[in-house]
Amino acid sequence: MTFVLAALMQQPAAPAAPPPGPPALDVGVVAPDFAIPGATRYGTLKNPVRLSDYKGKTVVLAFFFKARTRG
């Protein structure tokens, strides 16, 4: 009985905190240049897409986290 009580009294280990990411941008601040793999409905692009490729144009980033998955 003592073993069961001791096991129940132990606190579960806290999950490890994720590593800190880059700081959030404030509204109106120019976004830093970055590159991401580009994709179309036919597959991925050979070269990465860079934000600097669209300098002077309006850019909208949309993330579809379940795209091309079974979820």
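Modeller: One term before the pockets: lining residues have an atom within 4 Å of a point of the pocket. Bear in mind that this is a predicted model.

Biologist: Which residues line the second largest pocket?
Modeller: The space in this pocket is about 180 Å³. Its lining divides into 6 nonpolar, 2 polar and 3 charged residues. The lining residues are Val30, Ala31, Pro32, Asp33, Leu51, Ser52, Tyr54, Lys55, Gly56, Lys57 and Val59.

Biologist: How much space lies in the largest pocket?
Modeller: The lining of this pocket has 19 residues. They divide into 14 nonpolar, 3 polar and 2 charged. The space comes to about 540 Å³.

Biologist: Which elements give two or more residues to the lining of the largest pocket?
Modeller: Start at the centre of the largest pocket: Ile36, Pro37, Gly38, Ala39 and Ala62 lie nearest to it. The elements that give two or more lining residues are strand S2 (39–40) and strand S4 (49–50).

Biologist: Is Tyr54 buried, partly exposed or exposed?
Modeller: Tyr54 lies in the segment after S4. Buried means under 20% relative accessible area, and exposed means over 50%. Tyr54 has 38%, so it falls in between and counts as partly exposed.

Biologist: What accessible area does the nonpolar patch with Tyr54 have together?
Modeller: Patch members need over 30% relative accessible area. Tyr54 has 38%. Tyr54 forms the patch with Val59, Leu61 and Phe63. Together they have about 420 Å².

Biologist: What share of the residues counts as buried?
Modeller: The accessible surface of the protein chain is about 7400 Å², with 64% of it on carbon and sulfur atoms. The chain has 71 residues. The buried share is 3%.

Biologist: What pattern does the chain follow along the sequence?
Modeller: The chain has 1 helix and 4 strands. Read along the sequence, the pattern is α-β-β-β-β.

Definitions and conventions
Residues are numbered from 1 along each chain as its sequence is written. This is a predicted model: local features need pLDDT of at least 70, side-chain atom pairs count only at pLDDT 80 or more; totals for chains, interfaces and linings use all residues. Side-chain values use heavy atoms; hydrogens and water are left out. On a 1 Å grid over the protein atoms alone, a cavity is a set of points where a 1.4 Å probe fits but cannot get out, and a pocket is an open set with protein on both sides within 12 Å along at least five of seven lines; lining residues have an atom within 4 Å of a point. Grid points are joined across faces, edges and corners, and a volume is the space filled by probe spheres set on the points. Ala, Val, Leu, Ile, Met, Phe, Trp, Tyr, Cys and Pro count as nonpolar, Asp, Glu, Lys and Arg as charged, and the others, Gly among them, as polar. Patches are made of residues with over 30% relative accessible area and no salt bridge: like charges are joined within 9 Å, nonpolar side chains (Val, Leu, Ile, Met, Phe, Trp, Tyr) within 5 Å. Accessible areas come from the Shrake-Rupley method with a 1.4 Å probe; for residues, only the protein chains shown count as cover. A salt bridge is a side-chain nitrogen of Lys or Arg within 4 Å of a carboxyl oxygen of Asp or Glu. Buried means under 20% relative accessible area, exposed over 50%, partly exposed in between (1.4 Å probe, protein chains only).
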